[in-house]
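Q: Please take a close look at a single part of this structure. I am new to it and would value a connected account.

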Amino acid sequence: MTDRMIDSMSEPQSDRPSTPLPVVLAGARGHGRWHVENIRRLQKKGIVRLVGICELTPLTEEELGDLGTPEQSADFGALLDTTGARAAVICTPIPTHTDLALTAAERGVHLLLEKPPAPSYAEFRRMADGVAAAGVVCQIGFQSLGSHALTAVRELIEKGAIGTLVGIGGAGAWVRDEDYFRRAPWAGKRRLNGVEVIDGALTNPLAHAVATALALGGSTRAEDVAGIETELLRANAIESDDTSCVRITTAQGHPVTVAATLCAEQADEPYVLVHGSSGRITFWYKQDRVLLQRAGHGPEESEHGRTDLLENLVEHLTTGEDLLVPPDETGAFMKVVEAIRTAPDPAPLPDTAWHRIPGENRRVVPGIDGLVAAAADTLSLYSELGAPWAPPSNEVSTR
């Protein structure tokens with residue numbers, strides 16, 4: 001029996017709220033479909049009740065299924081007013097996050113705000129400060145930070161299972177076709193109509209790798225970041241980066257290096273790698289799976305449960321359970337977003353550095369899978385690994 005099964009079976013039932021929390025969902029298509037299904041699951045458990053959906057085009061009866069007949073409107077504020085929602089899930093384009101979050105906060109509505117929380121550090125602070133001033137609760141949607149594996153890995157580090165912490169690497173080798181960058185007007189953009197977007201590999205699809213690596217090292221708040229180096233590149237005909245790496249110098253003194261690509265030869269599970277003086281811990285954060293390797297012991301693998309962030313928000317509001325991902329615990333991640341935002345625009349890779357896969361409509365950078373893994377393994381940037389197409393890193397001090 002796995003830890004995941006045990007966690008599910010041992011979940012206390014007495015702490016469940018007696019009345020489902022009324023929730024509005026803003027953004028129910030694209031990635032929002034995941035939230036639709038999650039709300040459907042929690043509604044069946046009696047934890048939430050979907051009272052409203054904010055979409056430009058209303059969901060059909062087929063899309064709603066057994067969710068009932070929630071009120072639908074393209075006016076988020078009006079929808080919150082008429083439904084009496086106590087919480088809102090915001091899964092809309094990145095540049096809209098701050099204004100929608102503040103629209104909810106002004107009405108006393110608590111929030112689950114999808115990652116990345118904002119396209120710039122200034123917008124993040126405007127959101128976080130506004131939410132705090134309104135006295136509402138905001139959870140940032142880094143689902144990997146709900147994994148029980150985080151506690152397990154931190155405990156291993158604290159008790160010296162791998163010796164002294166040396167640094168943390170992160171690796172994400174994903175496959176995305178060219179249509180992915182045309183899925184929405186803001187996709188693959190750094191700016192749209194004069195508004196910041198910053199939809200890059202490290203800030204959006206593989207943002208969890210960055211946030212999780214920072215969390216495992218205890219460097220989650222803005223003041224935990226001393227400096228950031230970035231290498232941003234692109235094989236696709238887009239504005240943002242699709243092949244990039246970042247190295248964060250933390251106040252604790254250990255580096256955090258994360259490498260990512262959307263142009264992998266083969267898609268692989270993203271992971272975070274904790275380096276110690278006498279061992280290492282690999283955490284595949286989408287699978288909640290951990291591998292401990294240390295001197296004098298055989299490899300030890302474990303699987304862990306996960307707390308859903310919307311469910312945690314409800315439990316925080318109803319039973320006082322600790323909130324898992326409040327805004328200030330993503331301040332370090334937002335410093336990385338800001339460094340990427342202010343860095344020079346991603347450099348296009350030379351035509352010789354990539355090729356198309358026949359019949360798959362996607363661009364591949366040969367050798368990038370190995371480079372991503374090597375960056376996480378050695379805490380090095382692409383340029384330091386000898387990639388001929390990698391420019392010198394752009395360094396930003398946050399002090």
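**Strand β2 and its surroundings**

A: Strand β2 pairs with strand β3 (residues 71-73) in the parallel sense, through three bridges. Here strands are DSSP runs of E with at least two residues, helices are runs of H or I with at least four residues, and both are numbered from the N terminus; two strands pair if DSSP finds at least two bridges between them. Within this pairing, Cys54 has Ser73 in β3 as its bridge partner.

The model is a predicted one, in which local features need pLDDT of at least 70, side-chain atom pairs count only at pLDDT 80 or more, and totals for chains, interfaces and linings use all residues. Residues are numbered from 1 along each chain as its sequence is written, and side-chain values use heavy atoms, with hydrogens and water left out.

Strand β1 (residues 21-26) is also joined to β2, by six bridges, and the two run parallel. Val24 stands opposite Gly52 in β2. Together, β1, helix α2 (residues 32-44) and β2 form a right-handed β-α-β unit. Right-handed means that, with the strands pointing away from the viewer, the path from the first strand over the helix to the second runs clockwise.

Strand β2 (residues 48-54) is largely enclosed by the rest of the structure, because six of its seven residues are buried. Buried denotes under 20% relative accessible area, exposed over 50%, and partly exposed in between (1.4 Å probe, protein chains only).
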